[in-house]
Amino acid sequence: MNELPAVAAQHATTIGPGRLILVVGPSGAGKDTLLGLAKVACADDRDIVFARRLITRQASVSEDNEEVSADTFQRAAAAGDYVMHWDAHGHRYALSRTIDDDIRAGHTVIANVSRTVIAAARRNYANAIVVSVTAPPDVLAARLAARGRASDGGLAQRLGRTVDESAATPDFTIINSGTAEYHARQLVRIIKGERWDG
């Protein structure tokens, strides 16, 4: 399935001075697991904000998302309430425009997004950083099979989905095939702007 992104255009200047960290990667890469562990590790830092996605499906226990109906989503998108939104796996996803307030206040905002919104986000934000979380194909397949979320479509369809990544080259890549704790520490170092050697 193609993902159809939309990022609200900024007409004056790019949004800053805070950072927008976009966490991307294929289904089954473990993005939500690493984000959950990183959120706990950064809980005492008020300058770090983990954005909640709005989605038109029921959120799983491993996700920090807000479920909305398709009608509510459409109305909010039409009203310009979302700074970016996209379609994937038969569902719709978005980030609230409130993240711009955090970025303007100098905070670091971390969000799990589609790779299709990266190019536009880089144009609109002064400090957009892309972190790709991935894993070997056999690991992705095993994780998706264990997840068993039928509403997202078939396993073969999800593994075979491609996204044009010509404008989505990551700044950092985490190969999430070891322990979640180890890779979450890598993500925390990126979030905090600490040295990271991959």
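What is the order of the five strands in the open sheet? The legends below start from that point.

**View 1. Strand order in the open sheet of the predicted model.** The five strands run in the order β3-β8-β2-β9-β10 and pair in parallel. Strands are DSSP runs of E with at least two residues, helices are runs of H or I with at least four, and both are numbered from the N terminus; two strands pair if DSSP finds at least two bridges between them. At the edges lie β3 (48–50) and β10 (172–175), each pairing on one side only. From one strand to the next, the twist averages 20°.

**View 2. Pairing of β3 with β8.** Strand β8 (residues 108–112) and β3 are joined in the parallel sense over three bridges. Valine 49 has valine 109 in β8 as its bridge partner.

**View 3. Helix α1 against helix α7.** The axes of α1 (residues 31–41) and α7 (residues 180–191) come within 8 Å and cross at roughly 60°. Axes are fitted to C-alpha atoms, for helices over the stretch in contact, with angles from 0 to 180 degrees between N-to-C directions. Residues in contact (heavy atoms within 4.5 Å) include Leu34 and Leu37 of α1, and Leu187 and Ile191 of α7.

**Notes.** Residues are numbered from 1 along each chain as its sequence is written, and side-chain values use heavy atoms, leaving out hydrogens and water. In this predicted model local features need pLDDT of at least 70 and side-chain atom pairs count only at pLDDT 80 or more, while totals for chains, interfaces and linings use all residues.
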